[in-house]
Amino acid sequence: MKRKANVHIIATGGTIAGRAASAAATVGYKAGELTVGQLIASVPGLDKLANLSGEQLCNIDSKDMQEAIWLQLAERVEAAAERKDVDGIVITHGTDTLEETAFFLQLTVKTDKPIVLTGAMRPATAISADGPMNIWQSVQVAADKSATGRGVLVVMNGQINGAETVTKVNVNALEAFQSPGRGPMGVMIDEKICWNESGACTLPNYGGSVSVKDLAQLPKVRIIYGYVGGDDGLFVKAALRDEARGLVYAACGNGSVPEKLTGLLKETVASTSSIMLIVSAASVYSWILTRERVPQMLTEWMLQTIDSKFVFLIAVNIFLLFVGMFIEGNASMIILVPLLAPIAAQYGVNEIQFAMIYIFNNAIGALSPPMGTLMFVTCSISKCPTAAFIKEAIPFYILLAIDLLLITYFEPFTTFLVNLVY
């Protein structure tokens with residue numbers, strides 16, 4: 001007797017789980033109303049296809065899909081794929097962003113087990129809702145060994161499309177998802193899966209090529225479209241001001257970029273490269289200091305030479321200001337805080353006060369020559385000469401120095417709020 005496969009269903013909401021006020025309504029409904037249990041129960045005989053389990057990751061309209069949910073979904077899919085009692089995975093999803101989610105999972109989840117996304121073009125309350133059949137066929141594909149190793153699939157309206165080629169071509173019709181120029185990877189005819197081998201176009205070593213494990217958020221990348229009149233660079237400049245980590249320029253024609261925009265994009269690449277070089281150099285410098293035990297030697301010198309809190313605070317301010325000029329903030333924090341904090345405690349410096357001293361010195365150093373990383377990044381992006389930046393920043397340097405003196409030698413300035421609360 002053929003063993004019944006185990007299929008795990010992850011529900012995220014969408015039209016397939018939607019409700020409308022009228023059975024005749026196919027628009028104006030509320031997406032993400034039915035639970036995963038209700039979806040499974042809405043398909044008669046589904047348990048005959050496979051042993052089913054389910055979980056509700058979220059219940060949203062997919063227009064509201066977020067990268068944070070993507071990361072959670074990738075984690076849950078990978079966890080399910082690693083289970084020995086799971087043979088395939090089905091994900092119910094809204095159609096607005098279904099193709100994006102499918103491609104994201106294709107990039108991030110590494111498994112040979114079938115991963116199938118499905119949705120619906122009509123809400124669950126419609127007279128002829130397409131959701132139940134789409135769920136049936138998705139479970140059928142996920143439970144079939146022939147779907148193994150084919151990457152992430154989208155099953156809707158009797159067609160099987162690959163995550164790399166599928167796109168939504170119609171906002172109302174049931175045959176909404178197609179693979180233009182390639183055709184479907186397969187079709188469903190009742191209980192039979194007919195694979196179109198010529199349509200299988202999975203790229204080699206593509207699945208799971210990007211790891212998102214331990215990522216709290218994805219890097220900020222902005223997409224800018226080319227269009228008539230869009231050569232003023234407004235969106236490129238806005239993306240840079242928003243601290244985008246990368247830009248994708250979706251150009252017109254065969255990758256044609258307007259002449260006006262070419263220079264700005266080249267400048268963007270150049271400035272980004274210089275910023276990365278500065279940060280990389282700071283990291284290398286941090287590694288050299290650590291390897292040569294410079295922080296440890298300075299710490300030992302402080303304990304042997306300085307015998308008063310007042311002198312220690314002067315020395316630590318000078319030292320941290322110097323460090324802030326040369327070493328990137330996160331790197332210096334990892335290296336120095338574990339070394340200096342216990343010493344500061346021995347001199348009777350309050351922990352909160354020491355933290356503020358460290359932060360202010362680091363901030364001033366990062367904005368100061370000769371190697372202040374924030375100063376160089378700001379000058380690189382704004383095309384402002386370093387000398388001009390320093391001249392204009394002098395009033396801010398003075399204010400920061402006054403604040404630093406208050407923080408250093410007047411402890412209540414940093415601790416009064418904490419003392420007020422606790």
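Tutor: Glu 55 is buried, with a relative accessible area of 17%, where buried means under 20%, exposed over 50% and partly exposed in between (1.4 Å probe, protein chains only). The salt-bridge partner of Glu 55 is Arg 76, with the closest N and O atoms 3.1 Å apart; a salt bridge here is a side-chain nitrogen of Lys or Arg within 4 Å of a carboxyl oxygen of Asp or Glu. Arg 76 lies in helix α2 and Glu 55 in strand β2 (residues 51-60), so the pair ties together parts 21 residues apart in sequence; helices (H or I, at least four residues) and strands (E, at least two) are DSSP runs, numbered from the N terminus. Arg 76 itself is partly exposed, at 32% relative accessibility.

This is a predicted model, in which local features need pLDDT of at least 70 and side-chain atom pairs count only at pLDDT 80 or more, while totals for chains, interfaces and linings use all residues. Residues are numbered from 1 along each chain as its sequence is written, and side-chain values use heavy atoms, with hydrogens and water left out.

By this rule there are nine salt bridges. One of them joins Asp 87 to Arg 3, with a closest N to O distance of 3.1 Å. This pair links distant parts of the chain, 84 residues apart: Asp 87 is in the loop between α2 (67-82) and β3 (88-92), and Arg 3 in the segment before β1 (6-13). Asp 87 is partly exposed at 21%, whereas Arg 3 is exposed at 55%.
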